[in-house]
Amino acid sequence: MTHLMRAYARRRWAQTVFAREGALNVCVRARGGRVRDGVSGALYNTSAKLATPLMDKLGAGDIRRARGSNAFVRGAEGDGASGASFDSGSSTGGIMVSAGHPSSHPQVLAVPLPRRPLMPGIIMPVKITDEKLIAELEDMRNRGQAYVGAFLQRSDEAIAAMAKSRHASDDDDVFAGLSKARTTTTMGLDGEEEEERDPADHMHDIGTFAQVHNIVRIPADSNNEKEAATLLLLGHRRLRKLGTMKRDPMVVKVEHLKDEKYDANNDIIKATTNEVVATIKDLLKTNPLHKETLQYFAQNFNDFQDPPKLADLGASMCSADDTQLQEILEALSVKERLDATLELLKKEVEIGKLQADIGKKVEEKISGDQRRYFLMEQLKSIKKELGMERDDKTALIEKFEKRFEPKRASVPEETKKVIDEELQKLSGLEPSSSEFNVTRNYLEWLTSLPWGIVGDEKLDIAHAQTVLDADHYGLEDVKERILEFIAVGQLMGSTQGKIITMVGPPGVGKTSIGQSIATALDRKFYRFSVGGMSDVAEIKGHRRTYVGAMPGKLVQCLKTTGVCNPVVLIDEIDKLGRGYQGDPASALLELLDPEQNGTFLDHYLDVPVDLSKVLFICTANVLDTIPGPLLDRMEVVRLSGYIADEKVQIARTYLEKTAKEKSGLKDVSTNITDEAMAKLIGDYCREAGVRNLQKHLEKIYRKVALKVARAKSEGKPIESITVDVGDLFDYVGHPPFATDRIYDVTPPGVVTGLAWTAMGGSTLYIECTPVDEGEGKGALKTTGQLGDVMKESSTIAHTFSRHFLETKEPGNTYLANTSLHMHVPAGATPKDGPSAGCTMITAMMSLAMNKPVKPNLAMTGEVTLTGRVLPIGGVKEKTIAARRSGVKTLIFPEGNKKDYDELSEDIREGLEVYFVSTYEEVYQHALNWDA
């Protein structure tokens, strides 16, 4: 309790003293006097990087011109120093005077320094924005000499650390708490005393007693949101902040500090002082910015052996951080101050050396580049004078002329005239003009094309047959057509371009055979795809007026191959797009017309190009999406799917060997049995092409490679692996196609039909069942995603079957009085086409007569309303699908007999085929049989 009472009494006493002293005028005028004779020297700190005009504006020029005005004030800290005043005729400049006795300035205005503390004896500009502080300082300047306390602001981390220390001290005794943190005491609204944190704690306790030499107002602008002022401060001596006397502007009570006594004759201090001087000299060699500072120090102070001031001088010349400089300011021990300054100066010298090295390297590089540039320019001028070298434009024109000269005899006159005009135009253009690059690119293309250059080709039928058979199995129609092309070329002595279009399901080898054809003819090969192409410029080229314009694909082909008779494969021609840039299909009309492509006009070149010797090979999956005029210009060769035997041969001859090589199994004996291969083709890869078969073989051999690698790592190498039927599940999983046949024996009302798809042929079932019976209720309902044509076929079939049933069984009114539902599985697959007429009529007749169709029989054909059977398409695909499904008897229209006779013997083997022209014949083969 006694301790608390004492603490309370101390706080009341402090409040009374601070209130009394706060009423005093902070701005104490300097007591009159004279400048002592000992005041000499001047130090201007150029390391603060202050521009001379600004310093002159602030009045620093008056300091430099007055030998008596000095940043280092001799005897200013002496006890007997008298006061000082300005010359009566000066209000802004004046010479620096003694600050008077410390007791004359017990409290000063506090000026916060945002960075770098002010060292005693150093002049430094400071920018402030506190309007009240600026006004107070101006008032002090008007009334006489102004002195302030310059204190470095604490960092945010330091303020946080002080707050944490203050909170930690709450648990200590009252007097310990008072010693760790200064507080001010105020009266609360309720009359109770309240303690507050000292508002000056955001500044360091140790600062510098400084004279305000000049004040310059800075008006508000875009860089300064509010009006500010720049002070020119000259440091005199060190201060310790004791407490806050006034808040706005801040006035603090201070204690003037003196350096600790030292022995000037101490050898260590002498040696350190000499080393500081030597280090400052070294610093001047690497950083001449400090040269003026040292010159003023030497001229006006003439004493390099004053350790305290030398230490402050050295510290002011360092670019160290604020904390290190503040530590030097707070050091009252001369020896410690010298040691700290020497350390910072050494670091500054090293930084200066590093800066010099960097500057030297950059200067050497720049000098070397400039020297090389000047020499190269001189060399060019000398060579040009001697005729040894021409400028870039002349060399470019000569390059174009040299490239074009061997082709001049075979170039058309129109093209020759354009090239000569462009060369003449290029010679008159400046290289810096935009037209120069346009003309240059145009000539690049014109002179690079193979005008009249025909590549060698081999018109050898035996060689071509060998190459085509080595790369592809089957495809006899395509091979025959290429051999015909070679034979005509042999007899005529030259070849002309052709447009051959190969149409077939995916995976049958349409694209790959194009490369084989080029190899067989020994011609250059170029391929590009037009699938999804919607820009006419891809075919015809861009106009030269566009930025980045280029010729079309065919002109690029000629430049790439270097001949005018390559083999060009245009892939996916049935998938051309159409957009706002035009219709590429229409642009191909000129390209693929033998009567027009001899003078093909590209938009970029704008001169005729001869494409009549190019062999065009196009590929498509279907012909329906190819426009009629374009299709009319093509010679169509159909590629049907492969039967199982052909797939086995292809797998054994080509695919299996390639899959082994890709899997790294050259040294391991691996084999797939014939039974496993047959099941793989029949149950896993039933599509028309062999692409899926290739994927499955690669999958099998990858798993075999994994087994071999694992066995090798375990020290049990495998010499051979055989894949049998029972192993297929482990290698490729469950078969996606169990069978095409839904019924082993078709019941009444179900008939097997044949269909053509883009993937090849397939079998489908047509099912009929009664829904309702009654007088006059004969009607038909269809399901199974049937198209419009197929729905019309079902209506025709229902009408014809009612009439035909009356002729066969006059008393049978089943179709007239029964509502029927016809379904075509699978329901998720869209179906359309007229070729299911025979099958639909047969299904209705089978249901009405309650008699199943002959087993293992399938049919196709379009039927008219009078019963005539019309021919259909896709005979080969449908025949292959029937063989795959195990069908033995087929019914085709009479008009397709010629198509069936063209099929190879291996496709027709084992099939019984009937060709019909009326439905009466269909009825005889399908329903008029003994069950």
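Is P505 buried or exposed? P505 is buried, because its relative accessible area is 4% (buried is under 20%, exposed over 50%, partly exposed in between, with a 1.4 Å probe and protein chains only).

I note that this is a predicted model, in which local features need pLDDT of at least 70, side-chain atom pairs count only at pLDDT 80 or more, and totals for chains, interfaces and linings use all residues. Residues are numbered from 1 along each chain as its sequence is written, and side-chain values use heavy atoms, with hydrogens and water left out.

Annotated site. I looked up the "binding site" annotation in the unreviewed UniProt entry, and it covers G504, P505, P506, G507, V508, G509, K510 and T511. Such annotations may be inferred rather than shown by experiment. I found P505 in the loop between β9 and α17. G504 lies in that loop too, between β9 (499-503) and α17 (510-521) (helices are DSSP runs of H or I, at least four residues, and strands of E, at least two). G504 counts as buried because its relative accessibility is 5%. Leaving aside residues up to four places away in sequence, I list K510, A620, N621 and L639 as touching G504 (contact means heavy atoms within 4.5 Å).

Helix α11. I placed I366 in helix α11 (residues 334-386). I366 counts as partly exposed, because its relative accessibility is 44%.

Cysteines. I counted zero disulfides (a pair of cysteine sulfur atoms within 2.5 Å). C564 is buried at a relative accessible area of 11%, and C838 is buried at 1%.
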